[in-house]
Amino acid sequence: MSDSLLQVKDLSVAIEEGQILHDVNLTIRPGETHVLMGPNGAGKSTLGNTLMGNPVYHVTGGQIFFDGQDITRETTDKRAKAGMFMSFQNPLEVPGLSLESFIRNSLRQQTGKPVRIMQFKKQLEETMALLNMDPSYADRDLNVGFSGGEKKKAEILQMLMLAPKFAILDETDSGLDVDAVRTVSKGIEEYHKRSDGALLIITHNAKILESLAVDYTHVLVKGSLVTTGGADLVQKINEEGFEQYIEEAAKANE
Amino acid sequence: MAERANGVIVNRLPSLTWNRLRVNHAFVNFDELPETNEEAVFTGQHEDQVKKETMTSADAERWADGFSRGIRREAYIAGKQATYQEQHFATALGRDFTDLIRDLAPETAVYTVEEGSKLDKPVILNWDFGKGGRAAAQQVIYARKGSEATFLLNLSSERDALGHAAIETKVIIEEGAALHLMKTNLLGRGFVLLDDSAAVVGDHAEFDFVQVELGGAKTYTGCYADQCGDHSLFKVQTGYLADQDHLMDINYVAVQRGKKTDSRISVKGSLRDQATKVFRGTIDFRKGAKGSVGDEQEDVLILDPKVTNKTVPVVLTEEEDVDGRHGATLGNLSPDILFYLGSRGIDKDAAEMLMTRGRLMSVVNLIPDEETVARSHHFIREAFEANE
């Protein structure tokens with residue numbers, strides 16, 4: 001496993017109300033695309049948030065390694081500086097901070113160096129064009145008054161600008177129309193092309209995966225990873241749903 | 001009354017509320033006031049664009065009073081009881097302060113922007129206190145008919161300097177003129193500042209007031225606009241930062257007498273540590289102000305649970321055909337926002353600075369002087385670095 005980028009070992013996670021994840025194991029190598037599927041309430045977003053270090057979620061067992069370092073107890077900003085990123089399911093509105101300033105400061109914090117303004121602006125403009133984003137959004141307060149689609153595009157814009165080694169996309173496609181899903185997919189392809197980054201895509205929807213080469217698909221049910229397969233597993237679940245896995249999980253718990 | 005023997009009352013609220021809320025006025029001890037006006041280095045830039053004269057402060061006051069359309073006294077109303085204070089040219093800090101600064105600064109600089117003249121560059125007046133000191137200054141800016149000018153007043157000192165500063169700026173804006181008055185406070189952490197601004201705004205005239213308050217231990221400031229002219233505009237845009245155990249006491253008053261007048265007050269700030277802020281914002285529609293509108297908005301970022309944040313928005317009216325509004329937004333860095341910013345590599349300290357800078361720089365960037373903008377930017381950064 002020395003070539004792994006992310007390694008999750010026997011990870012168990014709880015919130016105040018109780019245990020959510022049980023002994024999850026997952027390995028992601030550089031450049032790989034993993035898909036995490038599962039019914040509502042299975043713990044998919046909990047896994048994404050825990051990997052990113054959301055303090056709401058408490059690791060009760062196991063470890064998370066990133067780039068060879070144990071990051072289980074590391075703060076969120078240090079994980080981001082190490083090359084992790086998460087596209088939020090519900091990106092927060094932050095009045096008083098423009099989208100451009102947010103990205104520029106994120107870059108500065110992550111690299112520890114001043115950002116070259118002209119070069120940055122050019123790259124931002126090009127990337128916004130790629131995502132069919134109106135350039136005026138750069139000057140607007142972060143996510144304030146953005147439509148659902150624009151918020152998700154802004155997340156992908158940040159991913160492309162920050163070029164992390166590993167990105168978690170937490171239901172980036174939810175609530176988007178067909179055109180927006182296509183645009184977001186284009187952004188993800190571009191991310192692969194530019195930085196050969198690894199991805200963990202949490203989704204209910206196969207549409208976003210159509211143009212992506214999926215390496216592994218994982219199914220999470222009631223906080224446990226019940227199966228792992230290839231790209232064909234996405235198609236199978238699309239056709240048959242999660243029932244088979246829910247039943248298997250119930251039997252295993254009996 | 002006992003407290004008046006030891007100091008002065010400033011920043012009175014035009015319509016009084018419960019005393020126990022301690023917002024009806026601020027009290028400044030005499031030992032917080034400057035005793036001389038000799039200890040700041042003054043430099044002026046681009047002053048040659050305007051006519052500059054010096055008058056005794058008593059003469060300047062009498063002369064400016066002549067522009068206030070014979071208003072003899074202002075009332076402070078509590079319920080049905082009104083107390084009156086004689087002040088021809090009403091100011092935000094009030095009569096006590098005007099009396100005091102007349103003695104502290106016996107001379108007043110009077111700047112006249114000639115009729116129809118439009119200045120290319122801002123007139124920049126700098127008071128640098130260096131390692132500290134005490135100083136007082138008074139100015140009158142007279143924007144004649146149809147003229148347009150920007151005046152920038154900068155107060156600064158070294159970061160850890162102690163001192164006392166008192167400034168009063170009166171502005172007379174004649175018909176169709178536009179005056180942009182901008183003030184920055186980049187004083188050291190040990191400064192007490194009293195900074196008063198007041199204007200008489202004529203027909204179709206515009207008073208645009210920008211205030212950047214970043215320094216000082218205690219700041220008492222305010223701006224009073226007497227919008228006696230029809231179609232006059234009074235616009236305030238303020239950004240402040242208060243930290244440690246510092247006090248920021250603000251009083252803005254728009255008195256709208258003319259027809260179809262417009263006032264817009266926007267105050268943005270950030271409070272951290274154990275800082276205290278009192279903001280009084282009054283829109284006062286007087287009889288005859290038909291068709292006038294007024295709006296005051298405040299946006300405060302609370303960065304520490306120990307800060308004290310008091311806001312007193314007041315809309316008074318003697319006229320039916322007016323529209324007065326106020327609103328306030330209280331923000332803090334919730335765990336959710338900190339996680340979101342953290343997921344991009346921005347830690348709590350950087351997040352606090354970024355959010356504060358976002359609010360304040362939107363005001364600082366209105367200043368048409370690169371050096372002042374850069375110094376303000378640097379000041380904000382240093383304030384956060386010093387606290388780490």
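Helix 5 (residues 148-162) of chain A lies across strand 6, strand 9 and strand 10 of chain A, and runs at about 165° to strand 6 of chain A. Helices (H or I, at least four residues) and strands (E, at least two) are DSSP runs numbered from the N terminus, and angles run from 0 to 180 degrees between N-to-C directions of lines fitted to C-alpha atoms, for helices over the stretch in contact. This is a predicted model, in which local features need pLDDT of at least 70, side-chain atom pairs count only at pLDDT 80 or more, and totals for chains, interfaces and linings use all residues. Residues are numbered from 1 along each chain as its sequence is written, chains are lettered from A and ligands numbered from 1 in the order in which they are written, and side-chain values use heavy atoms, without hydrogens and water.

The strands belong to an open sheet of 6 strands in chain A, with mixed pairing and the order 6-9-10-3-11-12; two strands pair if DSSP finds at least two bridges between them. Strand 6 (84-87) and strand 12 (224-229) of chain A each have a single partner strand, so one side of each is left without a neighbour in the sheet. Strand 3 (residues 33-37) and strand 11 (residues 216-221) of chain A run parallel and are joined by 4 bridges. A:His34 has A:Tyr216 of strand 11 as its bridge partner.

Helix 4 (residues 117-130) of chain A packs against helix 5 of chain A at about 135°, with the axes 10 Å apart. That makes helix 4 of chain A oblique to helix 5 of chain A, as angles under 35 degrees count as roughly parallel, over 145 as roughly antiparallel, 65 to 115 as roughly perpendicular and the rest as oblique.

How values were computed: Contact = heavy atoms within 4.5 Å.
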